[in-house]
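Please walk through the structure shown here, beginning with the chain as a whole and ending with individual helix contacts and aromatic rings.

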Amino acid sequence: MSDSGTSPGVRQPEPREAGLEPDPHRFRPPYVSFWLRELPYVIVLILTLFGVAYASISRQSMIGFWEFLAPVIGLLCIGIGWPRAADKAARLRLVWTQALHWLAFLVAMNLLLLSGVASMLSPDATGLTILTLLALGTFVAGVHTQAWQICVLGMIMGLGVPAIAWIERSALLVLLGGVAVVVFGGALWWGMSGKRA
């Protein structure tokens with residue numbers, strides 16, 4: 001008898017034969033799992049930057065776009081907090097707190113669109129105020145879910161408010177600066193290609 005307790009002459013199954021296949025996810029490059037994990041934040045960040053850029057260039061308030069983005073961020077916060085919730089009661093509390101949080105901010109955004117309030121603000125000011133509320137709501141939701149990525153999204157939205165205001169005020173300056181850069185770059189390229197010839 002051998003010490004292992006197996007009969008002599010009986011071959012032990014190999015790990016592959018015993019169903020102990022190596023996990024294919026173990027060999028996934030680390031950058032792939034990082035990007036898959038961060039993909040929802042990247043999508044919301046791209047939507048945020050698109051909204052800020054479009055509002056700056058088109059000079060439109062983008063109120064509907066920001067109102068659409070609020071529940072999207074709320075769903076993202078629920079997705080972040082769901083695995084961390086200990087039980088069903090904690091998950092239910094997470095859903096209700098996020099739903100009430102974003103409902104309150106959506107109501108505040110829509111209060112600015114009431115005829116009495118909207119008549120006191122210009123369309124540009126209304127759009128920037130709604131974006132400010134969305135930035136605040138996003139940052140506070142990130143603090144509550146303990147997700148630094150959501151906090152960063154809120155800060156980027158908040159920085160977008162003065163950026164939009166500055167671009168709208170100095171649109172001519174930005175346009176002239178862009179033309180100057182293009183002309184300077186074209187002259188530099190033409191001079192370099194002339195030297196090569």
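What percentage of the 197 residues in the chain do buried residues make up? The share is 28%. The model is a predicted one, and the values below are computed from it.

The chain has 7 helices and 0 strands. Read from the N terminus on, its elements run α-α-α-α-α-α-α. Contacts can also be sorted by sequence separation: among those between residues at least 6 apart in sequence, 61% join residues at least 24 apart.

Two helix pairs show how the elements pack. Two packed helices are described by the angle between their axes and the distance between the axes.

Take H2 and H5 to begin with. Helix H2 covers residues 63-81, and helix H5 covers residues 123-145. The axes of H2 and H5 are 10 Å apart and the packing angle is about 0°. H2 and H5 are therefore roughly parallel to each other, since an angle under 35 degrees counts as roughly parallel. On the H2 side, the contact is made by Ile63, Trp66, Leu69, Ala70, Ile73, Cys77 and Ile80. H5 contributes Thr126, Ile130, Leu131, Leu134, Thr138, Ala141 and Thr145. Sorted by class, the contact of H2 with H5 has 11 nonpolar residues, 3 polar ones and no charged ones.

Thr126 is one of the H5 residues in that contact. Is Thr126 buried or exposed? Its relative accessibility is 6%, so Thr126 counts as buried; the cut-off for buried is under 20%. Leaving aside residues up to four places away in sequence, Thr126 touches Ile63, Leu112, Leu113 and Leu121.

H5 also packs against helix H3, residues 88-111. The axes of H3 and H5 come within 10 Å and cross at roughly 165°. That angle makes H3 roughly antiparallel to H5, because angles over 145 degrees fall in that class. The crossing of H3 past H5 is right-handed. From H3, the residues in contact are Gln98, His101, Trp102, Phe105, Ala108 and Met109. They meet Ile130, Leu133, Leu134, Leu136, Gly137, Thr138, Val140, Ala141 and Thr145 in H5. By class, the contact of H3 with H5 has 10 nonpolar, 5 polar and no charged residues.

Val72 lies in helix H2, and Val72 and Trp102, 30 residues apart in sequence, have C-alpha atoms 9.9 Å apart in space. Val72 has a relative accessibility of 23%, so Val72 counts as partly exposed.

The aromatic residues come next. How many aromatic pairs does the structure hold? There are 3. In one of these, Phe50 and Phe65 are edge-to-face, with 5.9 Å centre to centre and 70° between the planes. Phe50 lies in helix H1 (residues 30-58) and Phe65 in helix H2, so the pair ties together parts that are 15 residues apart in sequence. Phe50 is partly exposed, with a relative accessible area of 46%, whereas Phe65, at 17% relative accessibility, counts as buried.

Phe65 pairs with Trp66 as well: the ring centres are 5.2 Å apart and the planes stand at 70°, so this pair is edge-to-face. Trp66 is buried, as is Phe65. Phe50, Phe65 and Trp66 together form one aromatic cluster. Trp66 is also among the H2 residues that make the contact with H5.

How values were computed
Residues numbered from 1 in each chain as written. Predicted model: local features only at pLDDT ≥ 70, side-chain atom pairs only at ≥ 80, totals over all residues. Heavy atoms only, no water. Axes fitted to C-alpha atoms, helices over the stretch in contact; angles between N-to-C directions. Helix = DSSP H or I, 4+ residues; strand = E, 2+ residues; numbered from the N terminus. Parallel < 35°, antiparallel > 145°, perpendicular 65-115°, else oblique. Left-handed = near helix turned anticlockwise from the far one by under 90°. Contact = heavy atoms within 4.5 Å. Nonpolar A, V, L, I, M, F, W, Y, C, P; charged D, E, K, R; others polar. Buried < 20%, exposed > 50% of the residue type's maximum accessible area, 1.4 Å probe, protein only. Phe/Tyr/Trp six-rings, centres within 6.5 Å; stacked < 30°, edge-to-face > 60°.
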